[in-house]
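These notebook entries record what I looked up, one topic at a time. I began with the backbone and then turned to the strands.

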Amino acid sequence: PNLVENPGFEDGGEGPGTPVDWFLYDEVGTAALQVVEQPSAPEGSFVLQVDPDASARTTVVYSQPFAAEPGWQFALSAFAGGVTLATGDVELHLLGFANNTNLMPTTTSDVTAASVLNVAEPTPYTSISGTATVPAGGTLFARVGLRSVLATTVGMQWDFAICRRIA
């Protein structure tokens with residue numbers, strides 16, 4: 001089963017703000033989130049759009065926690081697409097936490113499962129996938145992180161985040 005709750009951002013409907021069952025962490029600068037209707041969405045009718053403010057931004061939108069132990073391996077995937085003609089870089093992360101209430105930046109581990117440079121407009125969306133193993137070091141819960149590295153006024157859309165335990 002998919003361990004990500006609200007993987008296609010369908011719960012809660014369209015509008016500004018952080019979607020149901022997801023959290024926002026701004027690594028550099030600030031960004032705004034909105035769920036928008038998108039006819040070409042890979043799953044359902046809606047996608048999550050990350051919009052930076054006036055300068056370059058790095059953001060991580062991450063899921064609700066699920067159980068994890070050192071040595072467990074997960075397969076992660078999602079779809080991403082740029083909002084304008086410019087491009088952005090994206091990464092899929094498996095974020096480790098000591099308990100199910102910790103939020104970023106209090107991670108016990110951060111494993112990059114996949115990265116794609118220069119993701120362009122979402123026609124079609126770019127598929128991103130990879131695997132990640134929980135390292136030793138106190139991780140009891142994990143979350144999927146969708147990381148966007150965006151230039152000025154370049155937005156990124158995300159959809160259908162999946163995480164499955166494979167070993």
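**Entry 1: a proline in a loop.** I worked throughout with a predicted model. I first located Pro105, which sits in the loop between β8 (88-97) and β9 (109-119). Which kind of peptide bond joins Met104 and Pro105? I found that the bond is cis, with omega at about 10°. I noted for comparison that most peptide bonds are trans.

**Entry 2: positive phi angles.** I next looked up phi, bearing in mind that most residues other than glycine have a negative value. Asn6 is not a glycine, yet its phi is positive, at about 55°. I placed Asn6 in the segment before β1 (15-16). Phe9 is likewise found in the segment before β1. Phe9 is not a glycine either, and I read a positive phi of about 60° for it.

**Entry 3: buried or exposed?** I then checked the accessibility of these two residues. Is Asn6 buried or exposed? The cut-off for buried is under 20% relative accessible area. Asn6 has a relative accessibility of 6%, so it counts as buried. Phe9 is also buried, because its relative accessible area is 0%.

Entry 4: How many of the 10 residues of β8 are buried? I recorded nine, and β8 is thus mostly covered. I then followed its pairing. β8 and β9 run antiparallel and are joined by eight bridges. β8 also pairs with β11 (residues 141-150), again in the antiparallel sense, over nine bridges. In β9, Glu91 has Ser115 as its bridge partner. In β11, the partner of Glu91 is Arg147.

**Entry 5: an open sheet.** What is the order of the six strands in the open sheet? I wrote down β1-β3-β4-β12-β7-β10, with antiparallel pairing. Why is one side of β1 and of β10 (126-133) left without a neighbour in the sheet? Both strands stand at the edges and each has a single partner strand, so one side of each has no neighbour there. For β1, I looked at the pairing with β3 (residues 31-37), which is antiparallel and made over two bridges. Within this pair, I noted that Pro16 has Gln34 in β3 as its bridge partner.

Definitions and conventions:
Residues numbered from 1 in each chain as written. Predicted model: local features only at pLDDT ≥ 70, side-chain atom pairs only at ≥ 80, totals over all residues. Heavy atoms only, no water. Helix = DSSP H or I, 4+ residues; strand = E, 2+ residues; numbered from the N terminus. Buried < 20%, exposed > 50% of the residue type's maximum accessible area, 1.4 Å probe, protein only. Pairing = 2+ DSSP bridges.
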